[in-house]
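Student: Could you take one part of this model and go over it closely for me? I'd like to hear how it is built and what it touches, with the cut-offs spelled out.

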Amino acid sequence: MSTGTPLTESAGVAAPAGNLAILQEPGSLAAFWRRLAARRSALIGLAIVVALVATAALADLVAPYDPTATDWGAVRAAPSLAHPFGGDEVGRDVLSRIIYGARASLGAGLVSVGLAVALGLPIGLVAGYAGGWIDAAIMRLTDALLAIPFLILAIALAAFLGPSLTNAMLAIGLSATSTFVRLTRAQVRAVAAEEFVEAARSVGNPPWRIALVHILPNIVPAILVQATLTIAAAIIAEASLSFLGLGQQPPEPSWGAMLNVAKNFMDQAPWMAIWPGLSIFLAVLAFNLLGDGLRDALDPRQRT
Amino acid sequence: MSRVQPVVSVRNLSKAYPLRAWWGGKGTVFRAVHDVSFDIAPGETLGLVGESGSGKSTIGRAVTMLNPPTAGTVAFEGTDLATLSPRALRRMRSRIQTVFQDPYAALNPRMSVGAYVAEAFRLHRPDMNATERRAAVAHLFERVGLDPAFMGRFPHQFSGGQRQRICIARAIALKPSFIVADEPIAALDVSIQAQVVNLLQDLQADLGLAYLFISHDLRMVRYLCHRVAVLWRGRIVELAESDRLYEDPRHPYTRRLLAAVPLPDPAAERARLAARARDEQADGLPGDLVEVAPGHWVADH
Amino acid sequence: MSRPLLDVRDLRVTFDTEGGAVHAVNGVSYTLNEGETLGVVGESGSGKSVHVLAMLGLIPRPPGRIDGGQVLFRGRDLLALPERALRRVRGGEIGFVFQDPMSSLNPGMTVAAQIAEPLRIHLGLDRRAARARARELLDLVRIPNAAARLDQYPHEFSGGQRQRVMIAIGLACRPKLLIADEATTALDVTVQAEIIALVQELKRELGMAIIWITHDLGVVAGISDTVQVMYAGRILERGPVDDIFRDPRNAYTLGLLRSLPDLSGGRAGRRRLQQIDGSPPDMRRPPPGDPFAPRNAYATARCWAEMPPLVQAEGAAPGHLVAAWYDLPARLAEERAR
């Protein structure tokens, strides 16, 4: 100890005294998990999401039938032991189609939001950190895009790109991008005003390093929360596009496409509509619960 | 103003902010700092005192080019910082450092404190590998009185005084010759302030650092600083060797400021409060500095 | 000084946090007489602010809770009062001024309306009478041209003037007790001087008791009759202001006084600041004994194990109480002899 400064201070481990503000700061992964686990609704959401993802991933193992195989004996068959969720208009097993449909729905949710984040995050980062005319140009463009309702934009884009699941994902992803541009920009501007960013400049960090090393990790929580909530919206969007015939093409299953066909048989075979409808509801609810829980767990100060 | 070759030489520094025009009228400017000049010698501490809005933090950020001045020059070891390219200025930052007021805000909450200090080497010492950086950071931790075992921890696990030590460790990592300390003890508890002031003094003695010490704690400024500049309404109204300034203040504002400082002695403080009736008022804008005695400059009033 | 206005008995406050229970106030007892000014000194986590907030029912519950004690104000236990009755005391018989005048004032309400609020609630004044009284109060706190400024909003006032407005609100109902929590900390030193002078004058005019909470020993020295030093949710020392400064009996008080820069003599000959090593304790795991023992060079084995009671200091002025197992004057004399 060449400075003659006290050893006791170094030995006196983290002692944030009675300062209550400190105790609320974002902490370790363990602390985050504790906060998330303290919220029952978030845990339920997480459990459902995990179950849905596992089902979709293991569809080949868990589905009792080939989702496209027809069985004339099961046409519009009521739920039974052989077909717990019943049969559809050409005798395909509804349960198997729900299970495989999870791939389309969750896949669309994850891929489209992944695309939206992949595009929106860098653009928002540039807009927020560069400022000036670049920022102004990007913001006017996102303003224009945000003026069009999300679903309408997605339908228009999907119609333009042509009906297919891939194009539906693309359309949903592009439609959701402006949300992430705006969110990222707002977050970047808030974080950039913090003193530690100035401290980073003062030690000689180049701008790209400030953006990536100092700002980005601090905005990830907000992006993650928004992404989770947007997945729920994207699942609805995919279902809507498929319902309109713009998404998953027959005979491949998707919850939205199943609903589309089911609407013609509401009187004779209501289970054809009930199960995909419930599935969509459950998935959307799960992602929303998880997103709300994440928001609280990641940043207690933003709790409203 | 001082005879030895200064580390930092500030000449006619001004910082103006455009004020938004109302209804398309002609915009005016707010002069946060106007025509400020001073030198700081190697190993010297210059105190900058003044009240909120006097422009003292603006000067600190202008001198380090974190918020460059709108007029005037800042020369560091003879180099005019305004002439440097952004890249050259970033390289120069290894020699000019800042310790900020709020050690809670100045640390990146999602970066381990070891990585935070190591960043200085990462940026300016490409020749060092990870092991060498680690060793250097451990050494710095010991230097500022922190246990190197805490390198992997995150800022929220430290107390205010410890965080300020971490900030100081990073500031001295590249052996700078000049540090701007912008209210470095204002956010700390009384019992911790002396620790940090002692550390700053020890480092100055060992490393020959020059400080620009910005503070509103007028007693600590007198204790710590060799010379003191009093700032009022964006200008220096008085600049002198510190004991001289406190014992023989010439500008009415300096007198008013010093008379307002509470004294930690009941009898003296009660007497001071009773004497406050004949409070000096300073008004108008400060004029040019005149040398009233060797090294003692006072603005026309 | 006469009969006690406020009698705090064994007050205990805890906050439940994710990291565990924070014991913010650990058995604080003292009395305050009518017209007395009490300076409360301490650093963050000392319990100096929390204990008065708890008295006034102003700590959020949860996470906070009051684990015990009584706060007798003119004979009534504030902690036992229902919220309605407590509201009548708060802002009525007890006025208070907090640190940040900007966030304590409602930015969307005129100053007149904010000063009138306690008058209408506590004194039942009608709109016109409350407005007239608000004007008198602005005059009282020396805001020039009060009539014209009544209908202005907080942002139209400077920081010092806003704190004057806060004081006007605190004094609106002629309280028996004014509590000021770091009321001048955010202000410039010249503005602080004006506010302190104002409070001194008002005290002479109105005769209320004051609890002035601050970390600034200079401010405490000038305005207090009694000083109370708090640390880790406890009172470590308390007594007449001159006695505390001249003859401190607790090592923490001494450490605070010694850590101030000694400005006597020339700069070159000045001694190094005497720092208090270490940091305040983590109040989630308060030490079993004297909370200052880990930072105290004079601590004895007993200090580490057992909290000393707050008792009259031997040979000190009457009412000079200290919590310490060691005899500080004797230890200092030994040091000087060596």
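Tutor: UniProt, in an unreviewed entry, lists residues 42-63, 110-132, 144-162, 168-184, 215-237 and 273-291 of chain A under "transmembrane region". Those positions are in the numbering used here, feature names are shortened, and annotations may be inferred rather than shown by experiment. Keep in mind that this is a predicted model: local features need pLDDT of at least 70, side-chain atom pairs count only at pLDDT 80 or more, and totals for chains, interfaces and linings use all residues. Residues are numbered from 1 along each chain as its sequence is written, while chains are lettered from A and ligands numbered from 1 in the order in which they are written.

Take two of those stretches. Residues 42-63 of chain A are 91% helix and 0% strand, with the end C-alpha atoms 28 Å apart; helices (H or I, at least four residues) and strands (E, at least two) are DSSP runs numbered from the N terminus. Residues 215-237 of chain A are 100% helix and 0% strand, and their end C-alpha atoms are 32 Å apart. The unreviewed UniProt entry also has "domain: ABC transmembrane type-1" over residues 102-291 of chain A. That span is 83% helix and 0% strand, and its end C-alpha atoms lie 19 Å apart.

Now for chain C, the part to zoom in on. Its secondary structure comes to 13 helices and twelve strands. The radius of gyration of chain C is 21 Å, close to the 20 Å that the globule rule gives for 338 residues, so chain C is as compact as a globular protein of that length. The radius is taken over C-alpha atoms, and the rule is 2.2 Å times the number of residues to the power 0.38. Along the principal axes, the C-alpha atoms of chain C fill a box of roughly 70 × 50 × 40 Å. Of its 338 residues, 50% count as buried, where buried means 20 or more other C-beta atoms within 10 Å of a residue's own, exposed means 12 or fewer, and partly exposed is in between, with C-beta atoms placed from the backbone.

Chain C is assigned domain 1 (4-224) and domain 2 (230-337), with bounds from an automatic or database domain assignment. Their centres, over C-alpha atoms, are separated by 29 Å. The contact between them takes 23 residues from domain 1 and 16 residues from domain 2 of chain C; residues are in contact if their backbone-placed C-beta atoms lie within 7 Å. On the domain 1 side, β2 (20-33), β3 (37-41) and α9 of chain C each supply at least two residues, and β2(C) gives the most, with ten residues.

What does C:Ile211 touch, leaving aside its neighbours within four places in sequence? It is in contact with C:Leu32, C:Leu38, C:Val40, C:Val52, C:Leu177 and C:Ile179.

Chain C also touches chain B, and that contact takes 36 residues from chain C and 35 residues from chain B. On the chain C side, α8 (189-206), α9 (217-223), α10 (241-246) and α11 (251-258) give two or more residues, with the largest share, seven residues, coming from α8(C).

Over in chain B, α5(B) is mostly covered: 13 of its 13 residues are buried. B:Tyr246, by contrast, counts as partly exposed because it has 18 C-beta neighbours inside 10 Å.

Conventions
Two residues are in contact if their C-beta atoms, placed from the backbone, lie within 7 Å.
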